[in-house]
Amino acid sequence: MSAGRLAAALLVARRLSSAAITSTDKTVGNLRTVVATDLLAQAAQNFGGSLANLHASCRGIRTGCSQNIQLSHPYASTQSNVPWEQDAQANLADKYAQPLQSEQTPSQILLKSTSPTASDILKDASNYTETSSVETSKVPHMLYDEVIRLSRAGAVPELTQLFHDHAVLHQKHILNNCLLNLPASRRELVPLVYNEIVTKLGVQPSATAVAKVIRALGKLQRAPDAKALWRDWLDKGNPAEANVVAAYCGILANLSHAEGIECVIEQAKAAGLPPIFAAYTALIRAWGQRRQVVKVRQVLLEMKEDGVQPNELHYRAAINAHAQSSRPHEAEYMIAEMKEAGILPASQTYAMLMDGYAVTNQPRKAAQLMQDCIDDGHQPTLGLCNTLIKAWAKTGEPGEVRAVMMNMRSAGLQPDIISWGGLLHAHAKAVQPGKAAEVMRELSSLGLRPGVVIYTTLLNAYGMAGDVAAAHQVLHDMRAARVPPNNFTYSSLMAFYSQAGNVSKILALQKEMKDEGLHMDAVTQLFMVEAAMEAWSRSGRPLHILAQAEDMFERCSKPGPRHTHKILDPRHWQSVFIDLHYYGYWSCQLALLAGLRRIYTDFCQPGYQWPTADLVVSVGKGTNSVHRHQSHVRDAVLHFLQHLVPVKLAAGNDGLVTVRRMDMLKVFKVVQSQQQPFTAATFVKCFTARKQEFDSLQDLTSRL
């Protein structure tokens with residue numbers, strides 16, 4: 001029996017066993033209780049075949065309940081005409097022939113049953129269900145159904161009024177069912193209903209209800225409210241129960257607040273709770289989002305030291321952290337470690353590691369992992385094959401992509417639109433626009449309708465080949481095919497026009513974006529600056545065009561903030577920091593000048609003293625450059641600053657350019673003594689044209 005089916009069987013067992021516990025012999029026939037629970041035990045025991053019989057039994061019980069609206073519990077019924085139950089009663093008549101005492105409850109009857117499986121299920125339900133009380137029998141059936149109906153309709157005012165008018169509803173399990181039945185598409189109702197019923201009416205919530213509200217607040221991006229609820233739960237003397245801890249740790253993981261998760265885990269240990277696996281998964285995910293892979297591996301070691309064996313979810317989160325940090329090779333040992341622990345890695349685990357190699361342009365390593373996955377007994381899946389296609393496509397190997405697609409057909413898998421998109425991307429990276437167009441025609445002949453991603457990839461294929469007119473024609477073809485372009489489509493086309501210094505075309509494209517209701521982010525706006533600066537460079541560098549480009553930059557973009565930043569080294573030196581990530585070749589030089597101007601403005605104030613710190617300019621390592629680790633932004637910044645001061649790259653991080661504090665102060669004093677404005681015209685000789693026509697373009701479009 002699979003773990004998923006067993007979990008589903010136990011869930012149904014708990015719910016129906018809870019219904020038997022909370023009913024009485026007056027509301028449920030004694031024989032009926034034994035029959036229903038015995039059938040349930042048998043179905044759970046033989047669950048490997050199919051879920052159909054168990055679901056039919058559940059529906060039969062519920063159908064029998066709905067036939068008598070005077071009963072006190074939604075699962076209760078004294079008589080039934082359900083065929084499956086009549087047969088069961090006849091078959092089990094001899095088994096339960098002894099007369100039953102009228103004062104016995106169904107739970108007592110069940111515990112005396114000769115079926116050990118039924119007894120185990122009942123005890124399990126008592127341990128996990130918070131509704132195990134005869135108080136449930138006091139809730140009229142019609143009133144309970146009204147709560148469920150209003151919850152599913154999302155009628156918060158009517159639901160609140162119902163709880164206000166009927167104190168019998170002020171029970172933990174009623175609130176749980178109320179929250180569980182709210183529309184899934186309207187998760188904002190979960191905290192609203194909780195506030196109305198718990199805060200205003202004083203209904204005591206259960207840990208299940210609190211956990212559900214915390215998860216809903218996390219999905220609504222309301223982390224402060226989730227933290228306040230967590231604090232309120234603990235301040236009222238409630239224990240740090242496992243489901244609440246897991247929900248709150250999930251919120252902290254989304255915020256990358258690993259230290260907070262560590263504190264919560266310690267609180268859970270102090271409360272005597274057993275290891276909460278979901279909390280450790282959240283901790284690994286939080287460190288992974290911060291690219292702290294050493295911390296990720298440390299968490300796995302600490303789990304083992306605490307006697308907690310990591311499961312596949314922990315290893316998968318750790319592998320994903322390494323993949324997202326572009327360090328997949330450091331996670332390969334985890335696959336072997338899982339096997340040593342008796343955990344067979346699933347195909348999804350292999351896919352995550354393969355994706356890490358795809359991102360780092362190592363397709364052969366991804367192909368080897370694919371073979372290892374097959375050797376472990378897994379069948380090739382569409383997801384695995386598409387991940388391998390992605391790896392070959394990013395390196396511009398259309399022949400290898402074709403080979404993967406051929407192997408897919410041999411394994412009985414049909415390439416989908418993502419597979420064909422990978423082939424198109426491979427031809428685009430190989431600068432083969434004609435081949436890419438053939439793939440588009442082949443795709444259409446198979447009846448597959450290309451979407452915006454496919455069209456944008458074809459547009460990039462023409463643009464990177466220098467055929468901007470053909471790239472623009474792809475935009476017209478999209479509209480003719482009724483495929484609306486998105487921000488990435490327009491940004492890609494504007495990037496190509498910026499290389500030619502064509503400001504008018506970019507203005508027209510920006511107007512089209514506005515007319516179509518698309519938002520222009522900072523990167524899209526900077527393409528106008530790139531085009532204006534390129535036009536300035538090609539037209540002999542007249543100062544009035546440079547001034548216009550500088551003014552355009554100030555209007556469309558805000559330079560990265562300058563603030564005090566700690567360099568992560570043992571000395572903890574303070575540094576004045578300028579961040580130039582996500583700027584283009586020309587705009588990064590204007591952004592650097594704007595950042596220096598802001599520092600110079602402070603310098604000119606009476607009594608100003610530069611902090612005991614160097615100037616650090618963050619330019620990135622060039623991870624997304626067309627030539628890996630060759631950042632064009634870094635080259636432009638180095639050339640700009642070398643006209644003014646000596647510069648160097650930070651030790652151990654070639655994405656940081658550093659300038660000594662005293663050298664920068666000398667520049668400021670010279671500018672101040674000459675009474676020159678701190679503008680682009682003053683530093684015109686520092687601006688350096690790009691060396692290669694399309695390098696910066698590919699650096700920009702690769703981020704899209």
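Me: Val-431: buried, partly exposed or exposed?
Reply: Partly exposed, because its relative accessible area is 42%. Buried means under 20% relative accessible area, exposed over 50%, and partly exposed in between, with a 1.4 Å probe and protein chains only. This is a predicted model: local features need pLDDT of at least 70, side-chain atom pairs count only at pLDDT 80 or more, and totals for chains, interfaces and linings use all residues. Residues are numbered from 1 along each chain as its sequence is written, and side-chain values use heavy atoms, with hydrogens and water left out.

Me: What about the phi of Val-431?
Reply: Positive, about 55°, although Val-431 is not a glycine. Most residues other than glycine have a negative phi.

Me: Where does Val-431 lie?
Reply: In the loop between helix 23 (417-429) and helix 24 (433-445). Helices here are DSSP runs of H or I, at least four residues, and strands are runs of E, at least two, numbered from the N terminus.

Me: And Arg-291, what is its phi?
Reply: Near 60°, a positive value in a residue other than glycine. Arg-291 is found in the loop between helix 15 (277-289) and helix 16 (293-305). Arg-291 is partly exposed, with a relative accessible area of 42%.

Me: Back to helix 23. At what angle do the axes of helix 23 and helix 25 cross?
Reply: Roughly 10°, and the axes come within 9 Å. Axes are lines fitted to C-alpha atoms, for helices over the stretch in contact, and angles run from 0 to 180 degrees between N-to-C directions. That makes helix 23 roughly parallel to helix 25 (residues 452-464). Angles under 35 degrees count as roughly parallel, over 145 as roughly antiparallel, 65 to 115 as roughly perpendicular and the rest as oblique.

Me: Which residues make the contact?
Reply: From helix 23: Ile-417, Gly-421, Leu-424, His-425 and Ala-428. From helix 25: Ile-454, Thr-457, Leu-458, Ala-461 and Met-464. Contact means heavy atoms within 4.5 Å. By class, this contact of helix 23 with helix 25 has seven nonpolar, three polar and no charged residues. Ala, Val, Leu, Ile, Met, Phe, Trp, Tyr, Cys and Pro count as nonpolar, Asp, Glu, Lys and Arg as charged, and the others, Gly among them, as polar.

Me: Switching to helix 8 and helix 10. How far apart are their axes?
Reply: 10 Å, at an angle of about 30°. Helix 8 (residues 156-165) and helix 10 (residues 189-200) are therefore roughly parallel to each other. Val-156, Leu-159, Thr-160 and Phe-163 of helix 8 meet Leu-189, Leu-192, Val-193, Glu-196 and Ile-197 of helix 10. Those residues divide into seven nonpolar, one polar and one charged.

Me: How many aromatic pairs?
Reply: The count is 12. Rings of Phe, Tyr and Trp (its six-membered ring) pair if their centres lie within 6.5 Å; planes under 30 degrees apart count as stacked, over 60 as edge-to-face and the rest as tilted. Tyr-585 and Trp-586 have ring centres 5.8 Å apart and planes at 85°, so that pair is edge-to-face. Trp-586 is buried, at 0% relative accessible area.

Me: Which residues do ring pairs link into a cluster?
Reply: Trp-536, Tyr-585, Trp-586, Phe-640 and Phe-687.

Me: How many helices and strands in the protein?
Reply: 34 helices and five strands. Of the 704 residues, 49% count as buried.
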